[in-house]
Amino acid sequence: MPTTQRSAIFIDGANLYATTKALGFDIDYKKLLKEFQSRENLLRAFYYTAMIEDQEYSSIRPLIDWLDYNGYRVVTKPVKEFTDSMDRRKYKGNMDIELAIDALELSTHIDHMILFSGDGDFRSLVEAMQRRGVKVTVISTIQTQPAMISDELRRQADEFVDLASLAGRIGRDPGERPVRAPGEAPSRYRGEGRTNPGLENRYGIRQPEAEE
């Protein structure tokens, strides 16, 4: 049974993706939500990611659409393109400010902040939340070389949970991966109620079939 402790999840999408890739498993976001809903009174679950605006189809779009329809508050912004000193095209899409503002605005309504990120830039945010009486749990990993979490962030957190220890409860079961027929193109799902084999393949989440 969940406790009365009010909590909110804040997911740094790019950082979590890099962490799970380093650990060798994929997140099942439906399981993740249920896991924390079963523990306490989960008020919000935020997911932050930057996206390339002019890209006709992005591989992350199916995930964003699914999260938006299934209990997550998705926060996105356009990726900024620039050219470095070697005349190479680069992209930048930092969501730290958006995450920090949402957390601080919600601080008077929650008792517990659950941060999925190992980015040391969040140390000041964690400290600010703690000054407001909010307990902060940081979820990342030290099981990789190098560790995916900065030492200063880990030290600042009230509690550190290694993501590797949650893999069995929130990881996608490889056995659930559907088989795509040879030559079958991936669906270009836009959140319109169609099944997307690529979505379940990549993230272990299923969209219902569209109503006839």
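I take the axis of a helix as a line fitted to its C-alpha atoms over the stretch in contact, with angles from 0 to 180 degrees between N-to-C directions. The model I am reading is predicted.

**Entry 1: two helices**

I began with H4 and helix H5 (residues 123-131). Their axes come within 10 Å and cross at roughly 5°. Angles under 35 degrees count as roughly parallel, so I logged H4 and H5 as roughly parallel to each other. Next I listed who touches whom. H4 brings Leu99, Ala100, Ala103 and Leu104 to the contact, and H5 brings Leu125, Ala128 and Met129. I sorted the residues of this contact by type: seven are nonpolar, none is polar and none is charged.

**Entry 2: the sheet**

I then traced the strands. The sheet is open and has six strands, in the order E3-E2-E1-E6-E7-E8, with parallel pairing. Which strands stand at the edges? They are E3 (73-78) and E8 (159-162). Each has a single partner strand, so one side of each lacks a neighbour in the sheet. On average, neighbouring strands here are turned by 20° against each other, direction ignored.

I checked two pairs bridge by bridge. E1 (residues 6-12) and E2 (residues 41-51) pair in the parallel sense over seven bridges. Isoleucine 9 has alanine 45 in E2 as its bridge partner. E6 and E7 are also joined in the parallel sense, over five bridges. There, leucine 115 has valine 138 of E7 as its bridge partner. I also looked at the cover on E7: five of its six residues are buried.

**Entry 3: helices on the sheet**

Back to E1 and E2, where I asked what packs on the sheet.

- Helix H1 (residues 13-23) touches E1, E2, strand E6 (112-116) and strand E7 (135-140), and its direction makes about 75° with that of E1.
- Helix H4 (residues 96-106) touches E1, E2, E3 and E6, and its direction makes about 175° with that of E1.

**Entry 4: the cores**

How many residues does the largest nonpolar core have? I read 26. Those with the most contacts inside this core are Ile9, Tyr29, Phe36, Tyr72, Phe116 and Leu163. At least two core residues come from each of E1, helix H2 (29-37), E2, helix H3 (61-69) and E6.

Leaving aside neighbours within four places in sequence, isoleucine 9 is in contact with Leu32, Phe36, Leu42, Arg44, Ala45, Phe46, Ile114 and Phe116.

I also found a second, separate core of 24 residues. Ala8, Met129, Val136 and Val138 are among them. Met129 had already turned up in the contact between H4 and H5, and valine 138 as the bridge partner of leucine 115.

Terms used:
Residues numbered from 1 in each chain as written. Predicted model: local features only at pLDDT ≥ 70, side-chain atom pairs only at ≥ 80, totals over all residues. Heavy atoms only, no water. Pairing = 2+ DSSP bridges. Helix = DSSP H or I, 4+ residues; strand = E, 2+ residues; numbered from the N terminus. Contact = heavy atoms within 4.5 Å. Core = buried A, V, L, I, M, F, W, Y, C linked by side-chain atoms within 4.5 Å. Buried < 20%, exposed > 50% of the residue type's maximum accessible area, 1.4 Å probe, protein only. Parallel < 35°, antiparallel > 145°, perpendicular 65-115°, else oblique. Nonpolar A, V, L, I, M, F, W, Y, C, P; charged D, E, K, R; others polar.
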